[in-house]
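Have the sequence and the 3D view open as you read.

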Amino acid sequence: MTILFITIGCLLGVIFGFLIPTIPYSVSNYLAIAIVAALDSVFGGIASNINKIFDIKVFVSGFFVNAILAMLLTFLGQKLNVDIYLAAIIVFIGRMFNNLGIIRRYYLEKLEKKAGNEIKKKVKKI
Amino acid sequence: MKLKLDKNKTVLEFTIGIISMLLVSTILIQVKSVDEYKKSDIENLREDEVKTQISMYKDKYEEAEEQYKNNQNKISEYQNTQNENQKASSLIDEELKQSEALIGLTDMKGEGVIITLNNTKDNQYTSENIRDLINELKYGGAEAISINGNRIINLMDIVTINNTFIVMDGGRTRLDSPYEVKAIGDRKYLTSTLNMKNSGFVDLMKSSNLEIQVKESDNVTINKYNGTLKNDYMKEVK
């Protein structure tokens, strides 16, 4: 059921993405950092779901607040002439890899368990 | 209890769907925008790159402008000299034309007199007579003279050879009666010079039983000298 909603959301997103006109270049910096923050939140959500500690409130608030905060930081950085968005990107990407690692390990373990079960079954048969 | 849980789950799934929609659409917009900016050259650049490019273009522009000014100055200089050259060359052309006219290398026309000399049974014109006539005409202010269509130039000789032929221009041309002498100049002055009582050319010839007619004309045409002028011996004194 969740997969269905995600698929519908993605399709709608594609449609909206094509319908909405392009944004000016000066704004695209902020949008890029917001996207990175949002992706971080999404991977974080998946990882927490695997760890059985997923909370929709945390996920949604993280999704929006992180994105907005990252944009604000980028804006501040531009005003102060410091590339603060670099720090934000490092943190977000670092966390993303962390979460990806958790997801990868989980599925690897799952696969190993499956393979182990099959071997057990075969052994039983023999 | 079960229904509530289901409701919660639906909200959760719906939220996740909306979030995924937001994420995908934002990514698409960003990708679209970046793609578009990559097409346009300058807008695609970062701010500092743009700055350096602008300063580079500014330098180039200033350089080009300076060169342009220099070139324009040069062009105007060239034009000035060209104009001067043109003036000079047109002056030289004029001088050349005048000189040619004076030495008899161009066809000329103007008011003047036409004198016709005819031998008679009693007497014949000699080269001396013709030389006298030309001298008289020159004295009368003639600017161009020809005999039977042969232009008289400064260094022109008219001589008798073997007491029979009258030749002119170093023997190049033989003259015969009737002699038609044309002269351009002040026609009144020319005729009065020729018609002077007793000592005038007309009276002198008539007294020697020779035929002579003097006719004034508004439009006397004299052809240019046909031979070549050369100087083998004389050299300019510097």
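**A tour of the two chains**

In chain A, 21% of the 126 residues are buried. Here a residue is buried if 20 or more other C-beta atoms lie within 10 Å of its own, exposed if 12 or fewer, and partly exposed in between, with C-beta atoms placed from the backbone. Before going further, note that this is a predicted model, in which local features need pLDDT of at least 70 and side-chain atom pairs count only at pLDDT 80 or more, while totals for chains, interfaces and linings use all residues. As for labels, residues are numbered from 1 along each chain as its sequence is written, and chains are lettered from A and ligands numbered from 1 in the order in which they are written.

Helices (H or I, at least four residues) and strands (E, at least two) are DSSP runs, numbered from the N terminus. Of the contacts in chain A between residues at least 6 apart in sequence, 69% join residues at least 24 apart. In general, two packed helices are described by the angle between their axes and the distance between the axes. For α2(A) and α3(A), the angle is about 150 degrees and the axes are 8 Å apart. Axes are lines fitted to C-alpha atoms, for helices over the stretch in contact, and angles run from 0 to 180 degrees between N-to-C directions. That angle makes α2(A) roughly antiparallel to α3(A); angles under 35 degrees count as roughly parallel, over 145 as roughly antiparallel, 65 to 115 as roughly perpendicular and the rest as oblique. The crossing of α2(A) and α3(A) is right-handed, a term used if the near helix is turned clockwise from the far one by less than a right angle (left-handed if anticlockwise). Residues making the contact include Y30(A), I33(A) and A37(A) from α2(A), and F59(A), F63(A) and M71(A) from α3(A). By class, the residues of this contact are 11 nonpolar, seven polar and one charged. Ala, Val, Leu, Ile, Met, Phe, Trp, Tyr, Cys and Pro count as nonpolar, Asp, Glu, Lys and Arg as charged, and the others, Gly among them, as polar.

How does chain A meet chain B? There are 27 residues of chain A in contact with 25 residues of chain B. On the chain A side, the elements giving two or more residues are α1 (2–19), α2 (25–50) and α3 (56–80). The largest share of that side, 12 residues, comes from α1(A). Sorted by class, the side of chain A that touches chain B has 21 nonpolar, six polar and no charged residues.

Is S28(A) buried or partly exposed? With 18 C-beta neighbours inside 10 Å, S28(A) counts as partly exposed. Setting aside neighbours within four places in sequence, S28(A) is in contact with I23(A), and across in chain B with Q30(B), S33(B) and V34(B).

Over to chain B, which has six helices and eight strands. Along the sequence, chain B follows the pattern α-α-α-β-α-β-β-β-β-β-β-α-α-β. Of the 238 residues of chain B, 21% count as buried. Among its contacts with a separation of 6 or more, residues 24 or more positions apart account for 73%.

Five of the strands in chain B form an open sheet in the order β3-β2-β7-β1-β8, with antiparallel pairing. Two strands pair if DSSP finds at least two bridges between them. The edge strands, each pairing on one side only, are β3 (150–152) and β8 (211–222). On average, neighbouring strands of this sheet are turned by 25 degrees against each other, direction ignored. At one end of the order, strand β2 (residues 144–147) pairs with β3(B) in the antiparallel sense over three bridges, and S146(B) stands opposite R151(B) in β3(B).

Another pairing in chain B joins β4(B) to strand β5 (residues 165–168), running antiparallel with four bridges. Here I161(B) stands opposite F165(B) in β5(B). What do β4(B) and β5(B) form? They form a hairpin with three residues between them, and N162(B) in the turn has a positive phi of about 55 degrees.

Our last stop is T160(B), found in strand β4 (residues 158–161) of chain B. T160(B) has 14 C-beta neighbours inside 10 Å, so it counts as partly exposed. Beyond neighbours within four places in sequence, T160(B) is in contact with T126(B), S127(B), F165(B) and I166(B). T160(B) and T126(B) are 34 residues apart in sequence, yet 7.3 Å apart in space, C-alpha to C-alpha.

Conventions. Contact = placed C-beta atoms within 7 Å.
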